[in-house]
Amino acid sequence: MPARNTKQKEAIRAALESAGRPLTADEVLARAKSAVSGLGAATVYRNLRTLLDESWLAEVQLPGEVTRYELSGKGHHHHFHCRLCGQVFELPACRGDFPALAPKGFEVTGHEVILYGYCPGCAPPPRRPRA
Ligand SMILES: [Zn+2]
Ligand SMILES: [Zn+2]
């Protein structure tokens with residue numbers, strides 16, 4: 001049933017576009033299933049695979065974490081992983097001066113940077129200076 005397949009794929013794309021951050025397959029399912037009744041994990045995985053093959057999506061691999069998915073074509077960037085809620089966010093910039101950390105004689109050809117901490121929804125309120 002092509003119409004249903006198209007609707008499923010559109011809902012999955014919309015979930016990833018509206019999130020604005022990398023999502024796990026479970027997060028995609030949770031966000032897309034309100035738009036498509038009966039949407040299941042197998043359908044989500046199949047569509048994620050197709051969107052990867054079409055280069056519309058890119059994989060985000062963090063150590064010890066399930067694969068997340070983000071829109072492709074964003075260029076070089078890094079991620080922030082909230083230690084409390086587990087959500088992963090995109091960082092817009094890279095400092096880029098990492099080759100300077102390597103000892104003399106080493107040629108740096110790449111780097112991985114992940115920032116950890118608490119997202120705005122999880123961070124404790126700012127401490128007030130004592131009066
Ligand atoms: Zn959080
Ligand atoms: Zn970088």
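Visitor: The side chain of His77 makes a polar contact of 3.4 Å with the side chain of which residue?
Guide: This is a predicted model, and the distances in it are computed from that prediction. His77 sits in the loop between S3 and S4, and its side chain also takes part in a polar contact of 3.1 Å with the side chain of Glu70. The partner at 3.4 Å, again reached side chain to side chain, is His79.

Visitor: Is His77 buried or exposed?
Guide: Leaving aside its neighbours within four places in sequence, His77 is in contact with Glu70, Glu90 and Leu91. A residue counts as buried when its relative accessible area is under 20%. The value for His77 is 13%, so this residue is buried.

Visitor: What arrangement do the donor atoms around the zinc ion (ligand 2) have?
Guide: The protein donors of this zinc ion (ligand 2) are His76 (NE2), His78 (NE2), Cys94 (SG) and His111 (NE2), and they lie 1.9 to 2.1 Å from the metal. Four donors are classed by their angles, and one class requires all angles to lie between 85 and 135 degrees. Here the angles among the 4 donor atoms run from 105 to 113 degrees, and the site is tetrahedral.

Visitor: How are the donor residues of the zinc ion (ligand 2) spaced in sequence, and how many residues apart are His76 and His111?
Guide: Along the chain, the spacing of these donor residues is written H-x1-H-x15-C-x16-H. His76 belongs to the loop between strand S3 (68-71) and strand S4 (78-82), while His111 belongs to the loop between strand S5 (88-91) and strand S6 (114-117). The pair thus links distant parts of the chain, and the separation of His76 and His111 is 35 residues.

Visitor: Is His76 buried or exposed?
Guide: Among the other donors of the zinc ion (ligand 2), His111 is partly exposed at 28% relative accessibility, and Cys94 is partly exposed at 26%. A residue needs over 50% relative accessible area to be called exposed. His76 has 52% relative accessibility, and therefore counts as exposed.

Visitor: What is the relative accessibility of Cys82?
Guide: Cys85 counts as partly exposed at 36% relative accessibility, whereas Cys119 counts as buried at 5%. Cys82 also counts as buried, and its relative accessibility is 2%.

Visitor: How many disulfides are there?
Guide: A disulfide is a covalent bond between the sulfur atoms of two cysteines. The count uses pairs of cysteine sulfur atoms within 2.5 Å of each other. By this rule, the number of disulfides is 0.

Visitor: With which residue does the side chain of Arg21 make a polar contact of 2.6 Å?
Guide: Arg21 lies in the loop between helix H1 (2-19) and strand S1 (23-24), and its relative accessible area of 9% makes it buried. Its side chain makes a polar contact of 3.4 Å with the side chain of Glu27. The polar contact of 2.6 Å joins the side chain of Arg21 to the side chain of Gln87.

Visitor: What distance separates the C-alpha atoms of Arg21 and Tyr69?
Guide: Leaving aside neighbours within four places in sequence, Arg21 has contacts that include Arg31, Tyr69 and Phe89. Arg21 and Tyr69 are 48 residues apart along the chain, and the distance between their C-alpha atoms is 8.5 Å.

Terms used. Residues numbered from 1 in each chain as written. Chains lettered and ligands numbered in written order. Predicted model: local features only at pLDDT ≥ 70, side-chain atom pairs only at ≥ 80, totals over all residues. Heavy atoms only, no water. Helix = DSSP H or I, 4+ residues; strand = E, 2+ residues; numbered from the N terminus. Buried < 20%, exposed > 50% of the residue type's maximum accessible area, 1.4 Å probe, protein only. Polar contact = N/O pair within 3.5 Å; in protein donor to acceptor, adjacent residues only side chain to side chain. Contact = heavy atoms within 4.5 Å. Donors = N, O, S within 2.8 Å, 3.2 Å for Na, K, Ca; no water. Tetrahedral: all angles 85-135°; square planar, octahedral: opposite > 155°, others 65-115°.
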